[in-house]
Amino acid sequence: MVPKPSGYEDALTGVFAALADPTRRAILVQLKAGDATVAELAAPFSMSQPAVSKHLKVLEQAGLISRSQRATARLSHLEAAPLRTAVGWLMDYRAYWTESFDRLDDLLDDLKEDS
Amino acid sequence: VKIIAEPGVPQVVIVRTFKAPKALLFRAYTEPDLVKRWLGPAGLELVVNQLDPRHGGRWRWTHYDSDGKGYAFHGLYHGEPTPDRIVQTYEFDEAPGTVYLNLITFDEADGVTTLTQNTVFFAVEDRDLYVDGGMERGVVASMQQLDDLVTALAKEAHP
């Protein structure tokens with residue numbers, strides 16, 4: 001169960017704080033290939049499983065992963081939605097205005113023909 | 001389009017020229033059925049919920065993505081909007097209290113109109129939430145790995 005963030009900005013702050021760490025980004029990349037256990041996620045790093053668990057907790061709190069119990073192992077699952085939101089608001093500003101103004105050019109041409 | 005986002009200053013200035021008189025630009029900014037034809041990123045559909053271009057008049061519009069999720073913005077016009085200048089406040093529905101102020105001017109010469117959009121935020125952090133200036137030269141700038149990751153994931157999330 002992902003905790004409900006208290007607000008949109010808090011949620012974004014959590015996402016970026018979580019993404020600021022290279023190990024956590026590497027874990028997300030690994031999870032793109034599919035759900036994985038703590039042991040599987042710890043394997044590529046020279047890191048203990050408790051250390052990896054700490055990173056997973058941060059990712060879970062940011063809503064970037066969810067975790068479920070399967071038999072004796074705990075599986076981590078990548079959640080893409082918060083990333084999409086973060087991408088949307090960080091990266092799309094230039095695209096927003098570039099694309100809008102390109103369409104405004106076309107609209108103005110139409111309006112000129114009408115008048 | 002020229003986008004100026006100086007580090008440490010909670011402001012963005014966008015400058016763009018159009019081969020059209022400012023009267024037409026003013027129409028494109030203030031008539032709901034025209035606004036919806038150009039405003040917003042490709043792939044998002046704009047619904048103009050309200051647009052009342054007069055002093056104290058309210059505006060509200062919503063961008064819908066392909067999953068049907070809406071991103072609504074709203075605010076007020078301050079001063080009578082004219083083909084020379086429009087002053088309006090902006091607030092994203094999901095970030096109430098984080099208001100930004102927009103001054104849009106239209107400057108026409110020889111049939112070419114220069115549009116300048118000057119946006120002021122409370123804080124640099126607020127600006128960086130909206131502007132890719134943060135992506136280009138801020139904390140996130142060096143994170144090529146993050147860039148690649150989120151781009152790939154965003155593509156996957158948008159089949």
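**Reading chains A and B by definition**

Read along its sequence, chain B follows the pattern β-β-α-α-β-β-β-β-β-β-α-α-α. This is a predicted model: local features need pLDDT of at least 70, side-chain atom pairs count only at pLDDT 80 or more, and totals for chains, interfaces and linings use all residues. Residues are numbered from 1 along each chain as its sequence is written, chains are lettered from A and ligands numbered from 1 in the order in which they are written, and side-chain values use heavy atoms, with hydrogens and water left out.

Colleague: Why is Q117(B) called buried?

Modeller: Buried means under 20% relative accessible area, exposed means over 50%, and partly exposed is in between (1.4 Å probe, protein chains only). Q117(B) has 1% relative accessibility, so it counts as buried. Its place is strand β8 (residues 112-120) of chain B.

Colleague: Why is E94(B) called partly exposed?

Modeller: Its relative accessible area is 31%. E94(B) sits in the loop between β6 (85-92) and β7 (99-109) of chain B. Y71(B) is 23 residues from E94(B) in sequence, and the C-alpha to C-alpha distance is 8.1 Å.

Colleague: Which residues does Q117(B) contact, leaving aside neighbours within four places in sequence?

Modeller: Contact means heavy atoms within 4.5 Å. Partners of Q117(B) include Y93(A) and W97(A) from chain A, and V12(B), Y29(B) and N102(B) from chain B. Y29(B) also touches F101(A), L104(A), W38(B) and F106(B), among others.

Colleague: What makes a set of residues a nonpolar core?

Modeller: The members are buried Ala, Val, Leu, Ile, Met, Phe, Trp, Tyr and Cys residues, joined through side-chain atoms within 4.5 Å. The largest such core here has 40 residues. Touching the most other members are W97(A), F101(A), L104(A), Y29(B), W38(B) and W61(B). Helix α5 (residues 81-114) of chain A gives this core its largest share, eight residues. Another core, of 17 residues, lies apart from it, with L41(A) and L59(A) among its members.

Colleague: How much of chain B counts as buried?

Modeller: Of its 159 residues, 45%.

Colleague: Which residues of helix α2 (residues 22-32) of chain A are buried?

Modeller: T23(A), R24(A), R25(A), I27(A), L28(A) and L31(A).

Technical notes
Helix = DSSP H or I, 4+ residues; strand = E, 2+ residues; numbered from the N terminus.
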